[in-house]
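Take a moment with the sequence and the fold before reading on.

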Amino acid sequence: MLKDMFEHKRTLSFEVFPPKKDGEFEAAFEILDAMGKLEPDFISVTYGAGGSRSGQTVEIASYIKNRLGIDAVAHMTCVGSKRDDLLRVAKLLQENGIDHVLALRGDRPRDMSDEQFASRDFVHASDLMTFLKENTALHMAGACYPEKHFECFSLESDLNNLKKKQEAGAEFFISQLFFDNDFYYSFLEKAQRKGITLPICAGIMPITSAKQIGTTITLSGSSVPKALTDLIAAHGDNPEDMRKAGIDYAIRQIRDLQENGVNDIHLYTMNKPKMAAEITAAIYR
C-alpha cells in the first residue's frame, strides 16, 4: 500500500491528465514512458468533469501500473456521478490492478442544472470516501487546500472537512498547488493541531508561461506572491526565459520545503516530461 512508503522515504510523485481525443493516446503513452524513466513513487491520473473521461483515466492508470511498473492513483470525482456509475468505475479499476484512488468531489460540470446539483448523490468528497470504503476494496487519498477550498468560508471550516476525510478512510493527502511556502507551513501547523495525522504531499505546479497564471489562479484559488508576479513581469514576454524562470522558481520552492522537513512532493507536470526531468534532476542531484 502506498501509505506505507511515507514512513520510510522522501517521496516524489507526478500528476498527468488523459488525452482528450482517442487518437492522442499514442502520444500520451510516449509522455508516460518519459515520465516513467524518472522513477516517481506514484503517478496520479486526472478525471474529466463529472466523470466524462473515466474510461481514459482507467486506461492511462493501467498503462502506468501494468506497463511501467509504477503505482498509479486514479482520480475519482462524484459531483456528477450516481452510485452505480462509481461502482462500475471502481470495478474496472480493480480489474486493471489499480487499487488506489484520489477521491474528490470534483468541479460542477457546466451543463449540470441547479436542480441536478442540489439533488446529487454525493455532496462532499468525504461522502464518496465513506461509500467507497463500504462498497469496494480501494485505498483512498484525499485532497487538501493550504489556502482553503475556494468555496469554503474559512480555513478552520476547511480543516474540519479535512478531518472528516481522514475519519472516512483517507490514507494520505495531496495538496492543491500553492506558490508561497509560508501558507503551506502555516497550514501544516494548523492541520496538526486539528488532529490531522496522515501524510500530506505538497502540490507544486511550475508556471512556465505568463498566460498560465490566470487559468491556474481561477481553478485553484491560490494567491500569487510578489516574487512570482515580478518574475512574470520580467520574463513573461519571452517564452523561453519565462519557462526557465518558472522552473527555477518551482525548484527553489521545493528545495525550501525539503529544507524545512517537507519530504513528500507532488508535481503537477502538465504532461511535460522535459520539465519534470529538469526539476527532478535539480532537487535530487
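Predicted model: local features only at pLDDT ≥ 70, side-chain atom pairs only at ≥ 80, totals over all residues.

Residues are numbered from 1 along each chain as its sequence is written, and side-chain values use heavy atoms, with hydrogens and water left out.

Start with the sheet. In the order β1-β2-β3-β4-β5-β6-β7-β8, 8 strands close into a barrel with parallel pairing. Neighbouring strands of this sheet are turned by 30° against each other on average, direction ignored. Helices (H or I, at least four residues) and strands (E, at least two) are DSSP runs, numbered from the N terminus. Two strands pair if DSSP finds at least two bridges between them. Axes are lines fitted to C-alpha atoms, for helices over the stretch in contact, and angles run from 0 to 180 degrees between N-to-C directions.

Strand β7 (residues 200-204) runs parallel to strand β8 (residues 264-268), and 3 bridges join them. Here G203 stands opposite H266 of β8.

Is β8 covered or open? It is mostly covered, with 5 of its 5 residues buried (buried means under 20% relative accessible area, exposed over 50%, partly exposed in between, with a 1.4 Å probe and protein chains only). D264, H266 and Y268 are buried on one side, and I265 and L267 on the other. In a regular strand the side chains alternate between the two faces of the sheet.

Helix α7 (residues 155-168) lies across β5 (139-144) and β6 (170-175), at about 145° to β6. In helix α6 (residues 125-135), the residues A125, S126, L128, M129, F131 and L132 are buried. The buried residues of α6 pack against β3, α4 (83-95), β4 (100-104), β5, α7 and β6.

F6 is found between α1 (2-5) and β1. F6 is buried, with a relative accessible area of 11%. Leaving aside neighbours within four places in sequence, F6 is in contact (heavy atoms within 4.5 Å) with T11, F42, F172, P199, C201 and D264.

On a 1 Å grid over the protein atoms alone, a cavity is a set of points where a 1.4 Å probe fits but cannot get out; a pocket is an open set with protein on both sides within 12 Å along at least five of seven lines; lining residues have an atom within 4 Å of a point. Grid points are joined across faces, edges and corners, and a volume is the space filled by probe spheres set on the points.

The whole structure holds 1 cavity of 30 Å³ or more. The largest cavity has about 40 Å³ of space. Its lining includes Y145, P146, E147 and K148.

The second largest pocket has about 270 Å³ of space. Helix α8 (residues 181-194) gives the largest share of its lining, 4 residues. P199 and D264 are among the residues that line this pocket, and both are also contacts of F6.
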